[in-house]
Amino acid sequence: MNPASLSEYLFASGLLFAIGLAGVIVRRNIIVIFMCLELMLAAANLTLVAFSRSHISEGLPDYDGQVLVFFIITVAAAEVAVGLAIIVALYRSRQTIQVDELTSMKG
Amino acid sequence: MPQPLFYLFAILAALGAISMILNRNPVASALSMVGAFVGMAALFIGLHAYLVGIMQILVYAGAIMVLFIFIIMLLDLQPGKPRSLKAASVAAGCVIPVLLLMQVFGVLEQSGWERFEELDLQTAAETRSGKIEESLKEGKLPDTHLIGRTLFGTPETPGYNLPLQIIGVLLLVATVGVVVLSKKGGTESSTTKNESA
């Protein structure tokens, strides 16, 4: 059975990133936009792990990439906590989470 | 990871992601997100990154999904009435990702579809010692140990101790920030905005 190649993993990662980007642009619900951001971060992680697997040193994957993935997962978790707190504060003051109804900064 | 399994999990992840952005109901979106992340975790495990795959399931499909569901329930959001999407944003949302994907595909076409090199555990065992050497000789990949060695460093390699400390500070700041943000009473500026709106 053939194993999958690096380019296939990179394409899968690009596909997931593109879907996340489409969601960020199209959706109006700020919580779903947030989920799409998480998806984009996770797609970047997939790229890092794929490159870590492909860069073999002394017969083992290059673990620097996977260490970076841990830092990204940590930052993503912190970002979700702060972002959802901001969303709750926003909902308390405006009673909406639709981004097209939040226009007070419109010129 | 054998190619059919790779395609199975990649398609699972992509379907989860697509249903996440197409669902009107935010709870259904959150559950589709879990499908996408589980598919991605399987891809990580297929890349011999076992620890990262398990972390993906614990952190994303566990903690972050629960946080999203919790906030959706807390705000008591109803599945939105069908809203007319702006044609411009739908067009941009289709065109920009497709352009991105075409560019990625073009680059990958040029670089070819070569296979990964096989891992050579026996060679790797020669330069290691202790538990790592034992596991490698048994033909297992002790990736948790190896990541720990990379993270904390060995006498020869510096490791990532300073970034680790900085991440700790970041988590502390985020915790304090969340407590301050969700505290009641600190909303004078938002009430004045409400009056002007």
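**The contact between the chains**

Tutor: The contact draws 68 residues from chain A and 81 residues from chain B, two residues being in contact if their C-beta atoms, placed from the backbone, lie within 7 Å. This is a predicted model, in which local features need pLDDT of at least 70, side-chain atom pairs count only at pLDDT 80 or more, and totals for chains, interfaces and linings use all residues. Residues are numbered from 1 along each chain as its sequence is written, while chains are lettered from A and ligands numbered from 1 in the order in which they are written.

Student: Which element gives the largest share of the side of chain A that touches chain B?

Tutor: Helices (H or I, at least four residues) and strands (E, at least two) are DSSP runs, numbered from the N terminus. On that side, α1 (6–26), α2 (30–54), β2 (60–61) and α3 (64–94) of chain A each supply at least two residues. The largest share is 22 residues, and it comes from α3(A).

Student: What pattern does chain A follow along the sequence?

Tutor: Chain A has 3 helices and 2 strands. Read along the sequence, their pattern is α-α-β-β-α.

Student: What is the radius of gyration of chain A?

Tutor: The radius is taken over C-alpha atoms, and the globule rule is 2.2 Å times the number of residues to the power 0.38. The C-alpha trace of chain A spans about 55 × 30 × 25 Å along its principal axes. A compact globule of 107 residues would have a value near 13 Å, but chain A has 18 Å.
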